[in-house]
Amino acid sequence: MNGPNGVAAPPGLWSEARNAEGRVYYYNTVTKATQWTKPAELMTPAERALANQPWKEYTAEGGRKYWYNTESKQSSWEMPEIYKNALAQTAPTPKPPMPAPQFVAGGTTSFSSYPQQRDREDYSERAGPDRQIGYGDVNGVKASGLSAQDNAPEYQTFEEAEAAFIKLLRRSNVQPDWTWEQTMRATIKDPQYRALKDPKDRKAAFEKYAVDVRIQEKDRAKERLAKLRADFGTMLRSHPEIKHYTRWKTARPIIEGETIFRSTNDDTERRQLFEEYIIELKKANIERVAVTRKSAMDELVGILRALDLEPYTRWSEAQEVIESNETFKADDKFKTLSKSDILTAFENHIKSLERTFNDERQREKNSKQRRERQCRDRYIDLLKELKAAGKIKAGTKWMNVLPEVHEDHRYVAMLGQPGSTPLDLFWDMVEEEERALRIIRNDVYDVLEDKRYEMTPKTTFTEFMDVMSTDRRTISIPSETMELIFNRLLEKVMRRNEDDKHASERQQRRLIDSLRSKIKHLDRPPVTSSTTWDSLRPHISHFEEYQALDNDDLRRQAFDKVLRRLKEKEDDVENERRSSKRDRSRNRDHRDRDLRNGHISSHRHGHPSDRHRGSRTPELDAYEADRRKAMADRERNYHKSGATGLSPRSSERLSSRPPRLSHYDRERRDREEERERLYRTRADPRGSRDELDYGAGTGSGGRRRRDSDAESGGSTRKRARREDGRRGTWKEKTPEPIPVKDEPAVHSGSEEGEMVEEE
């Protein structure tokens, strides 16, 4: 750095440096200290003057400058007077005009040197030829005089020159909307115009000035609008008739006479301020209503609690009670509540009551469960005591334990209690003993298998114990336990013998039924009701079915069943013949009665040939409609019974009713039908359940469950003929019933369960 006279100044203690982020800091070469603030040794006279006063210059986010007082903590957009005075003290004094530079061919121009900063040097380097004070002839003959720029002020820094130029623009009242050409025409004659040498710097300073002025104008407009808004709001508050629902067209006549109203001529601005005031009123009204509503809801909750409602109270009942409450009717703030609000408060209150009620019930339920569990635990202790005393063991019956516990309070407390009953807990205890006994029983089974000892129904307990005492696995088992195991084994043996006996009896019945079927289908000679056993025996002795039976009594029994069935069939045919006679007689009686009631006039009068046709003009019969209706009902009931399997009409029931059976006969018939069903199922499980093939090669018919089926079929045919006879001539003779050949059917036989086939 050079001094004012161009003499090199001694090197300073402080030097300027930059960190990694590019921020400037200062370093003391002697003490090795660093600091962010610029030391006084490196400050210019202007910076020293500004540093000695409290106001500091800062730049806002928008680029606008403002000043801040470090002592009073105040800020200002306008430059303070103290700051201006400090700047004026540091303004450079104008220097005398410098002599024109002499240009020498092949030489350089010499200028007087003065101390400058780095930014000033950059500013001088950017200057063009127009900044030169004088121009010399290349040959040195002629040199021009000082130009008009000799009077331009000189500034040490670029910032000072820029500030002087902006001050010129402000003094010249340059508007921010001017163009650069207009600004030049207004300021070019002023010496301060040349404070900045480069035209680009002047234009940039002008644009900066325009931006600052616009920002200041906006700020002033905001301040004016804020003051106007406050005054306008005060004016509107002085009119209580303006509510939150008042419109601009209603409020304008009220306030247009006010001074504040006339302080602005922009009607849009007035309306905007009014709308803002109305928005504030609406917010205040909403807050007030919310506070009132909350207070009303809180008091309504208190009223609901005082009404002593039940958790199951309905809204229709509670609404009348709430509306009839004196406190609810007397206070106007409840009118701000809608029915929905009241219903919501009621629902919340009912929910709280339900929660309280459910909590109470849950506590009661838990208490009850606790008591029940305690009762079960005490009863289980009672059963354990009986078990320890030997009164409960495997195979013990409840009837043996009940006399021991029926008067105990622990048993009485369990009666009527839900969950496990005393009997269930008793069986649980017995089941535990059974599981323990199962291990001992398996050891007994192993011993019996190892000893090759087989128990029979005649085996005694002493014999059983003799076998068990010879093995070390069972010698230490108590006698009570061994007796229990022996009894169970004995019961199992007896049950197995019974099953074997029943199986042999079933096999014997099957063999008898096989021989009976063979006898029934014998062709040479055919078996009739007059056939004897002695005459039939030589013809069947060579059959396998005959030889499968052990004695003649069983064979004779099969023959007797066939003979008995043949006689029953003959009796059935005779009963059917007698029933047919009764039906014909009954039909004859019906025809005679019909002739007497409805058709007698047609038979007594007219040509004989017309008797079959009836009279063309019959006399009126008052009962004709009733008779026809009765006939139609009978016909309909008949069809219904035929389609659904229900019982036929009364006349048909009379004709087809089987003979009355005694109690023993009915039991025997049911037993035989059950045996027949089981036998047919076992004989051919893959075939039809309703057919049984005995090896004759012809399929048998369906099973006939009742002997009266054939009679029912005959009665049906008789009913059809009877209906045809009613619609035909009265003199027509009723034909005899045609015997119908029935398909072979299976019928139940005797009480031993044999099968009877019918052809």
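## Basis and overall make-up

In this predicted model, local features need pLDDT of at least 70 and side-chain atom pairs count only at pLDDT 80 or more, while totals for chains, interfaces and linings use all residues. Residues are numbered from 1 along each chain as its sequence is written, and side-chain values use heavy atoms, without hydrogens and water.

The protein chain holds 25 helices and eight strands (DSSP runs numbered from the N terminus: H or I of at least four residues for helices, E of at least two for strands). Of its 759 residues, 28% are buried (under 20% relative accessible area, 1.4 Å probe, protein chains only).

## The three-stranded sheet

Three strands form an open sheet in the order β4-β5-β6, with antiparallel pairing (two strands pair if DSSP finds at least two bridges between them). Because β4 (55-59) and β6 (75-76) are edge strands with a single partner strand each, one side of each has no neighbour in the sheet.

β4 and β5 (residues 65-69) run antiparallel and are joined by five bridges. Glutamate 57 lies opposite tryptophan 67 in β5.

## Helices α6 and α9

Helix α6 (residues 199-237) packs against helix α9 (residues 267-306) at an angle of about 60 degrees, the axes being 10 Å apart (axes are lines fitted to C-alpha atoms over the stretch in contact, and angles run from 0 to 180 degrees between N-to-C directions).

Note on methods:
Buried means under 20% relative accessible area, exposed over 50%, partly exposed in between (1.4 Å probe, protein chains only).
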